Amino acid sequence: MLTLPLRFLTVALCIQLLLGNSFAEAAEQQTKPNPFKKNQLTPRYFCDGIATGDLNCDGHADIVAGPYWYAGPKFTAAHEFYIAEPLEPEKSPSNSMFSFVHDFNGDGWPDILVLGRVHLHPAYWYENPGDQEGVWPKHYAFERVYGESPTLVDLDGDGRPQLVCHWEGRWGWIEPNWEAPTEPWQFKPLSELGDWKEFYHGTGVGDVDGDGRLDLVLNDGWFIQPSEPNTTWTWHPHRFSDERGGAQMFVYDIDGDGDNDVVTSLNAHGWGLAWFEQYREGDEIAFRRHQFMGTREEIDKYGVAFTQPHALDLGDINGDGLKDLVVGKRMWAHGPKGDIEPGAAPVLYWFELTRQDGETRFVPHRIDDRSGVGVQVTIADVNGDGVNDILTASKLGSFVFINQHSKE
């Protein structure tokens, strides 16, 4: 077992003292009893993202967080697939910002793709050695993955996932040569040349126009996927947030009226959550903003306020058939003195989607105030009981929150 050096113990103690002072100041109250059981996979800071997949092919979901995968369904056995080096929480984010699980070489064993910091780390994928223990073979994938919320999804409908991001001024995706996945991966553009920053905030994928094809949604608008492959996607400008922009963006029929809406954070390093109602202006798609979290001064209006909503996921938490939003406060994205309210409690919330009496709302429920998020939070049923659980990683460690909502 790895032991924690004294300097990391000291840092961890300082964090707890700092956070303890902020807990008493938190005014937010959840409206229902907390149905989640918290399990801390590790108290050490290794990563800012977390994912899941059946890595040992035993029929149980496993969890990937930084250099470890944790065997389900108990998640007590940690397996090191690259060399683990604990990081100092007050310093810059890690070399493991996002993890994605997929069988990239087609051998039947799921592999792990790891993305580091946008401007510092190449992307690598680690080849699952099957039933052999030890460090996994490491393969270079791509030089840099630009954008703060890349996602791995089957964007073009060919049955294989693509890593959606931007590169050299164009949006598109990165994918391997599926016949030779250990060779460097290639970027395939879908857009014209533009001025897109490497730290771009606000990215998602979904069918905006209802034509059955996935579109690319950005804070500044969306690209419509054409019916003909290998052609440029059509750009539709629409500024969702006038702030920096959020993180993950989700396309979903939030109000149940038959067309897809958008939900996201407004500023990944500041304040705000909102959903955007789709409507028509003549033949054109437009969006109307409905905010459901704002600044500290608006807490009476929305019932909750926290900064740094830099990781979100959408999924059914309470089993009512509607997709809810999970989001929390990222802790120390730019150190203990950076951004807004860096010393506030690193909370984790789920926002329950309700539709009652013609009104659509996202109702906040606090899950925890000593975990928060990094840049990737995951909703998934990891214990196989039929209800979705929540996985998160931050500078306080890696966590799984087991959902104890009744399946009925």
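1. A residue is called buried here when its relative accessible area is under 20%, and by that cut-off strand S25 (residues 359-368) is mostly covered, since eight of its ten residues are buried. The model under discussion is a predicted one, and the points below should be read with that in mind.

2. The partner of S25 is strand S24 (residues 348-356), to which S25 is joined by nine bridges in an antiparallel arrangement. One of the pairs that can be checked is Thr354, whose bridge partner in S25 is Arg361. S24 and S25 form a hairpin with two residues between them, and in this turn Asp357 has a positive phi of about 55°.

3. Within S24, attention may be given to Glu352, which is found in that strand. Its relative accessible area is 9%, and because this falls under the 20% cut-off, Glu352 counts as buried. The side chain of Glu352 makes a polar contact with the side chain of Asn318, at 3.1 Å.

4. Strand S22 (312-315) is covered on both of its faces, with Leu312 and Leu314 buried on one side and Asp313 and Gly315 buried on the other. Four bridges join S22 to strand S23 (residues 324-328), the two running antiparallel, and the bridge partner of Gly315 in S23 is Asp324.

5. S22 also belongs to the description of the largest pocket, as one of the elements that give two or more residues to its lining. That pocket has a volume of about 650 Å³ and is lined by 28 residues, of which Thr151, Leu152, Gln248, Phe250 and Asp313 lie nearest its centre. Other elements that give two or more residues to the lining include S2, strand S10 (146-153) and strand S18 (248-252). By class, the lining has 17 nonpolar, nine polar and two charged residues.

6. S2, which contributes to that lining, is also part of an open sheet of four strands in the order S2-S3-S4-S5, with antiparallel pairing. Strands S2 (50-53) and S5 (78-80) stand at the edges and have a single partner strand each, so one side of each is left without a neighbour in the sheet. From one strand to the next the twist averages 25°.

Terms used:
Residues numbered from 1 in each chain as written. Predicted model: local features only at pLDDT ≥ 70, side-chain atom pairs only at ≥ 80, totals over all residues. Heavy atoms only, no water. Pairing = 2+ DSSP bridges. Axes fitted to C-alpha atoms, helices over the stretch in contact; angles between N-to-C directions. 1 Å grid on protein atoms, 1.4 Å probe; cavity = no way out; pocket = protein on both sides within 12 Å on 5 of 7 lines; lining within 4 Å. Points joined across faces, edges and corners; volume = space filled by probe spheres on them. Nonpolar A, V, L, I, M, F, W, Y, C, P; charged D, E, K, R; others polar. Buried < 20%, exposed > 50% of the residue type's maximum accessible area, 1.4 Å probe, protein only. Polar contact = N/O pair within 3.5 Å; in protein donor to acceptor, adjacent residues only side chain to side chain.
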